[in-house]
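User: I would like to learn how to read a model of this kind, feature by feature. Please take the strands to begin with.

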Amino acid sequence: AIFKVGFLSDVYQERPLSEKIPKIRTRFPPEPNGFLHIGHSKAIAVNFGFARHHGGECILRFDDTNPEGEEERYYEAIRDIVSWLGFTPVRETCASDNFAQLYELGEDLIRRDGAYVCHCTKAEIKAQRGEGADGERGKERFACSHRSRPVEASLAEFRAMRDGKYKAGEAALRMKQNIEDPNPQMWDLFAWRIMDGDKQHHRTGGEWKIYPTYDFAHCLCDSIEGISHSLCTTEFELSRVSYEWLCDKLEVYRPMQREYGRLNITGTVLSKRKIIQLVKEGHVRDWDDPRLYTLIALRRRGVPPGAILAFVNDVGVTKAVTNVQVSKFEQIVRQYLENTVPRLMVVLEPLKVVIDDLPDGHEELLEVPFSKDPAFGSHQLPFTKTVYIERSDFREVDSPDYFRLAPGKTVGLLKVPFPITATSFEKDPASGAVTCVHAKYEKPADSAAPKKPKTFIHWVGESSAQNSPIRAEIRAFNPLFKSQDPSAHPAGFLADINPDSERIYPNAFLESGFLDISRSGPWPKEGGAEAADSSKNPHSIRFQGMRVGYFAIDRESTTDHVVLNQIVTLKDTQGK
Ligand code: ATP
Ligand code: MG
Ligand code: MG
């Protein structure tokens, strides 16, 4: 996908390539404390896209400054998803690689009279920042009593913090900014704090008892790595001041921070705490359940990476926060798949149709293209005496406003030369369900004009020689939540769960062209990481089930038990 630069051209103009900026260098800085979600795809597209657009490079930086909640599996998942989206970091770094250097910069800041060790409680600090015990804000602000302690004393205390003399909350290094400044990001922010003694960092283990804050570490890591443009979301707009203050106070290279709006998707939840609850209580299969909007979930559902980037592009890279409905996302995915994947016939709930006037064992091999585009090739489709149609395409009683199959009604079978007319049907006396429809083939006598059906329906033939049908379990999805804002539900977001969010068709039938497209995948042919490891990524085998929807292979699929996910329906059926 071509990346639209939008507001980023202004950002570039502010700091274009020059002798001092010989290369554009950005970073994507996730904290390895969870799986990335659809919102992150914007951050990835912005940072990698901006660098790519200007022939520069982007670093994948793990912002691992808080051992709480950070885990190895998240590093791997993040790395993997960035590559799946088609981006290659110039290198991977970790904020924790810089802990020693950041510590030295902490001492340096103290020596420059830019920081002090503070022992105040949370409540005391709130009061200094003009917040009352009742949470009321805007009271008079005042300086901390530790602020004026001598440099030597703060240095000694900072070392004592490092050496484990204090417990969490008993001491912290604070920046000596300006409590008078109207910007709260100047109210003597924390620079280093103590974490509970037994917290092990997954990379540095028990080496550090103190950890730098985002406000201290982020800009300095940017500086150390020579980032030219530090692009972040607009919640950090006020932080720009402290970002610049710290770099300037330490007289280190100052990257340029600029902000873009977050991308929010409505009708779902993205917060880690909420997804954990959904997984634990069994509302979804796992973190990659196709109904979720984590990127691993979208991948599992079969959404192609190019469609995700097309979505980000469509939303646009602006400063405004964008709230987009899941149906809008699905619409982009549908458009993206329309001409990029092969077409097959899939019957979700098969109903047997016997065409009585065809001879027993009749089998006509139809040569059927996979797409309107001849580049997709073609395959053979057996038209046989017994075929299977969608149960929902048959009605026991005809009516004038009904155009699919019913007794006495003629419909076309897609790709088959002549239509069929239903003559009778059989029912299971116990359940009352229709078990078989009888039909006749409307092949005209030599001179007669063929009947022209109003409707064509999809079907799958029965031929052991042609491996047809292939049986599959198909999982189709509806939105996981009933409302656009599940978190606003008065009884909590779980009360907003849609009881009908997953529909399983355990006995669906596929035509055997499925085997051809599985061998010749991935689909779409967009190259990148997907093409390189399509064997590892079954979800990259995607196709259109004519008249039904778009499908991809699920990771639980095996040769003996094919499992497919519905990526999106063929048409937008929301609210209909
Ligand atoms: P969340 O709480 O949703 O996980 P986060 O800010 O904790 O978000 P990080 O792991 O720090 O997530 O995110 C890495 C980068 O992605 C950051 O630069 C962050 O600003 C950006 N980002 C996170 N969520 C969004 C979003 N919804 N839209 C755009 N960018 C986002
Ligand atoms: Mg996060
Ligand atoms: Mg964060």
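User: Which residue of β6 stands opposite R174?

Analyst: Strands and helices here are DSSP runs numbered from the N terminus, with at least two residues of type E for a strand and at least four of H or I for a helix. Two strands pair if DSSP finds at least two bridges between them. In this case R174 stands opposite F190 in β6. Strands β5 and β6 (residues 190-194) pair antiparallel over 3 bridges. This is a predicted model, in which local features need pLDDT of at least 70 and side-chain atom pairs count only at pLDDT 80 or more, while totals for chains, interfaces and linings use all residues. Residues are numbered from 1 along each chain as its sequence is written, and chains are lettered from A and ligands numbered from 1 in the order in which they are written.

User: Which strand is joined to β5 by 4 bridges?

Analyst: That is β4 (residues 115-118), which runs antiparallel to β5. One pair to look for is V117 with its bridge partner L173.

User: Which way do the side chains of β5 point?

Analyst: In a regular strand the side chains alternate between the two faces of the sheet. In β5 (residues 172-175), A172 and R174 point one way and L173 and M175 the other, and all of them are buried. A residue is buried if 20 or more other C-beta atoms lie within 10 Å of its own, exposed if 12 or fewer, and partly exposed in between, with C-beta atoms placed from the backbone.

User: How do I read a strand order, and which strands stand at the edges?

Analyst: Read the order from one end to the other. One open sheet of 7 strands has the order β21-β18-β19-β20-β14-β17-β22, with mixed pairing. Its edges are β21 (456-457) and β22 (459-461); each has a single partner strand, so one side of each lacks a neighbour in the sheet.

User: Which residues of the largest nonpolar core touch the most other members?

Analyst: A nonpolar core is a set of buried Ala, Val, Leu, Ile, Met, Phe, Trp, Tyr and Cys residues joined through C-beta atoms within 7 Å. The largest one has 101 residues, and V333, V346, V347, Y388, I389 and W459 touch the most other members. Helix α2 gives the most to this core, 8 residues. The core takes at least three residues from each of domain 1 (23-260) and domain 2 (339-576); these bounds come from an automatic or database domain assignment. The C-alpha centres of the two domains lie 53 Å apart.

User: What does V346 touch beyond its sequence neighbours?

Analyst: Two residues are in contact if their C-beta atoms, placed from the backbone, lie within 7 Å. Leaving out residues up to four places away in sequence, V346 touches A508, L510, G545, V548 and F551. A second, separate core has 34 residues, including L102, M161, A172 and Y243.

User: How many residues surround ligand 1?

Analyst: A residue is near a molecule if its C-beta atom, placed from the backbone, lies within 6 Å of it. 15 residues surround ligand 1, and the closest are P30, G39, A43, T233 and R262. Two or more residues come from each of α2 (38-53), β8 (229-233) and β10 (263-266), and α2 has the largest share, 4 residues.
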